[in-house]
Structure formats: C-alpha cells, structure tokens
Amino acid sequence: MKLYEINKPYNTGRLKVSGLHSIYFEEVGNPNGKPILFVHGGPGGGFSESASQYFDPKFYRIILFDQRGCGKSTPTACIEENTTLDLVSDIEKIREFLKIEKWTLFGGSWGSTLSLIYSIYHPKRVNGLILRGIFLGRKEDDNWLYQSGASFYFPKEYKEYSEVIEPSKRNNLISAYHELLNSKDEKIAENAAYHWAKWELGLITLNPIKEIEEILQDKKANLELARLENNYFYNHIFLEDDNFILANCEKITHIKTIIIHGRYDMDCRPIGAYLLHKKMQNSDLRIIDGAGHSTREEAIAIALVTATEEFKNFLKN
C-alpha cells in the first residue's frame with residue numbers, strides 16, 4: 001500500500017468565521033467524490049501539501065483546512081477568539097459553505113481530539129471516523145507530555161526544554177511557557193517557541209528526526225504551534241469536563257470508526273486509544289508495532305492509507 005501522488009487543489013478559498021479570523025481551505029481530488037475532511041494536529045500544526053496523499057483522488061472529495069491562527073489562516077499565531085468550540089463551529093461552517101450533507105473525518109493527534117468533539121456535537125453530520133494517535137485532552141495527558149512522563153524516556157531533551165524556565169517555575173512548565181510564548185518581546189517568544197517545538201518534535205518518531213534543526217528554522221510555524229498548543233493546554237482545551245470525550249462517547253458509538261495508534265507513541269500514550277476503543281465497542285483498534293506517533297513513520301502512513309481504502313466499500317453503500 002503506497003501513498004497517493006500529491007494533487008493540486010481544484011478549489012481554494014477563505015471563509016470568514018469570526019470578527020477576527022479567516023480560515024483557509026482547499027479541495028483536492030474528485031469534486032463529485034465522497035467528502036472526507038483532513039483535521040490536522042497541533043493545535044497550530046496546519047496542513048501540508050502531502051496531507052492529501054492518504055486518499056484516492058478518484059474516489060474522495062478531499063477537504064483540507066488550516067485551523068484558526070496557523071498555516072494560511074489569518075491572523076497568525078493568534079490565541080484570541082480561539083477555543084475548541086470555535087474550531088468545532090468552523091468545521092460546521094465549512095461543511096455548510098461547501099454544501100456537504102455528511103462527511104468522514106480523518107484526524108490525527110489533536111486532530112483526533114477535534115474530530116471526536118465535533119462528532120459528539122454533530123453526530124448526524126459524520127458517517128465515519130479515521131483517527132490516529134488518540135489524544136483525549138485530559139490534564140493527565142498534558143502532564144505526561146509537558147511535565148512528567150515522556151520526560152523519563154527523553155531526559156536529555158527534557159533538560160533542554162525545561163531549563164528555558166527558571167527553577168522556581170518548573171513545577172508547572174505549561175504555565176511558565178505560557179508567559180514566555182505570549183511575551184511582548186519577540187525574541188523571548190520565538191526562543192520559547194523553538195524549545196517547545198523542539199521538545200515535541202523530538203518525541204514523535206521512534207527514531208530521531210535527522211532534519212529537526214532544519215524544520216525548526218521556520219520561526220512562524222514554531223510560534224503558531226507552540227503558542228496555540230500551549231494556550232489550549234493551559235486552558236484545558238476550554239472544556240469544563242476534563243474527561244469530555246470518554247464521557248460523551250455514547251453519542252457516537254454508531255459511527256464507523258478506525259483507530260490507529262503506534263505502540264511506542266511517546267506523544268500520546270496508547271492507553272488513550274485503548275480507552276476510547278473500549279467505550280466505542282464497534283470501533284476497530286489497530287496498534288501499530290514498531291511505530292511511534294508521527295505519520296512520517298512508514299508503518300503509520302501505510303495503516304492510514306489502508307483505512308481510507310477500506311472505507312471505500314463502506315461509503316459506496
């Protein structure tokens with residue numbers, strides 16, 4: 001199973017979704033195909049040109065969009081008017097604007113979180129979910145990644161990430177980074193963004209990313225990712241219920257769902273995928289051996305393409 005060739009979009013546009021934000025979107029593939037929405041990670045990760053490669057362009061009408069504050073959406077790295085329910089509303093506005101009755105959602109990492117929350121709020125609009133690297137958005141998930149957990153497996157990298165913060169504030173790194181990332185001093189914010197992004201990029205693959213420093217040269221992308229991720233996790237993804245997804249799964253158990261998770265995912269622990277699967281007993285859980293979190297890993301990429309191929313028969317009916 002191979003990735004599909006990159007195809008140029010047949011439609012691009014911007015959608016004004018609030019007084020402040022405009023969302024950039026693209027459509028790729030077959031205009032009359034089965035609609036599938038690519039929900040990127042982060043928050044603040046944006047989508048890349050390669051995002052469409054998981055889908056057969058002859059079968060799928062592929063919709064890609066940059067969430068508020070990142071990629072080609074404007075304004076950049078903006079945390080104002082930027083909450084989880086704002087993003088849920090944006091997805092629904094895109095669906096209505098493109099005159100789509102029902103669609104499949106394809107989301108990884110934070111994209112899995114947002115896809116699940118959107119589906120819980122709009123279950124009648126979703127005919128399927130393909131999810132990778134499940135992130136349940138709980139405080140314990142934040143703590144594992146940014147405070148104490150992954151730190152035990154990457155002690156050298158954690159030392160560099162944590163030492164940006166003065167010792168007296170290291171008991172809450174998310175809060176301490178929040179102050180730096182939103183500093184009015186551009187250099188302070190950019191330095192914090194570099195170290196936040198470097199810590200996370202260092203965890204997502206089973207083997208280290210060789211070109212990590214080259215990737216981190218993009219200061220705009222660093223700041224979008226770091227400031228938005230940090231603000232969402234600082235605010236506990238703007239939901240009062242810390243266990244919102246698992247507590248509301250009964251609303252979406254009827255939706256066909258494939259869950260793909262790397263066995264050695266240090267970014268989002270496999271236990272999250274397992275707990276979701278147990279709540280959604282009709283889901284298909286696929287733990288990928290020899291893989292971590294990222295779609296950069298061949299085994300994860302192949303599993304995702306396999307899932308979109310399997311979905312073809314389901315969506316034809």
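## A buried serine to start

Select Ser119 first: its relative accessible area is 0%, so Ser119 is buried (buried means under 20% relative accessible area, exposed over 50%, partly exposed in between, with a 1.4 Å probe and protein chains only). Before going on, note that this is a predicted model, where local features need pLDDT of at least 70, side-chain atom pairs count only at pLDDT 80 or more, and totals for chains, interfaces and linings use all residues. Residues are numbered from 1 along each chain as its sequence is written, and side-chain values use heavy atoms, with hydrogens and water left out.

Ser119 sits in helix α2 (helices are DSSP runs of H or I with at least four residues, strands are E runs of at least two, and both are numbered from the N terminus). For a sense of scale, draw a line from Ser119 to Ala291: C-alpha to C-alpha they are 27 Å apart in space, and 172 residues apart in sequence.

Axes here are lines fitted to C-alpha atoms, for helices over the stretch in contact, and angles run from 0 to 180 degrees between N-to-C directions.

Which residues make the contact between α1 and α2? On the α1 side, pick Thr84, Leu85, Leu87, Val88, Ile91, Glu92 and Arg95; on the α2 side, Trp110, Leu114, Ile117, Tyr118 and Tyr121. Colour them by class and you'll find nine nonpolar, one polar and two charged residues (Ala, Val, Leu, Ile, Met, Phe, Trp, Tyr, Cys and Pro count as nonpolar, Asp, Glu, Lys and Arg as charged, and the others, Gly among them, as polar).

## α5 against α6

Next, select α5 (residues 173-181) and α6 (residues 186-201), which pack at about 140° with their axes 8 Å apart. That angle makes α5 oblique to α6. Ile174, Tyr177, Leu180 and Leu181 come from α5, and they meet Ile188, Ala189, Ala192, Ala193, His195 and Trp196 of α6. By class, this contact has nine nonpolar, one polar and no charged residues.

Keep α5 on screen and show its buried residues: Leu173, Ile174, Ala176, Tyr177, His178 and Leu181. Their cover includes α3 (139-146), α4 (155-162), α6 and α8.

## Salt bridges

Time to look at charges. The structure holds 23 salt bridges (a side-chain nitrogen of Lys or Arg within 4 Å of a carboxyl oxygen of Asp or Glu).

Zoom to Lys219 and Glu190, a salt bridge whose closest N and O atoms are 3.8 Å apart. Lys219 lies in α8 (residues 219-234) and Glu190 in α6, so the pair ties together parts that are 29 residues apart in sequence. Lys219 is exposed, at 53% relative accessible area, while Glu190 counts as partly exposed at 23%.

Then go to Lys8 and Glu49, where the closest N and O atoms are 3.1 Å apart. This pair links distant parts of the chain, 41 residues apart: Lys8 is in the segment before β1 (11-16), and Glu49 is in the loop between β3 (34-39) and β4 (60-65). Lys8 counts as exposed at 63%; Glu49, at 47%, is partly exposed.

Glu211 and Arg296 are up next, their side chains meeting in a salt bridge at 3.0 Å, N to O. Here the partners are 85 residues apart, with Glu211 in the loop between α6 and α7 (212-215) and Arg296 in the loop between β8 (284-288) and α11 (298-316). Both are partly exposed: Glu211 at 33% and Arg296 at 48%.

For a network of salt bridges, select Arg138, Glu140, Asp141 and Arg269 together.

## Last stop: Ser22

Finish on Ser22, in strand β2 (residues 22-29). Ser22 counts as buried at 14% relative accessibility. Beyond neighbours within four places in sequence, Ser22 is in contact with Leu15, Lys16, Ser73 and Thr74.

Technical notes: Parallel < 35°, antiparallel > 145°, perpendicular 65-115°, else oblique. Contact = heavy atoms within 4.5 Å.
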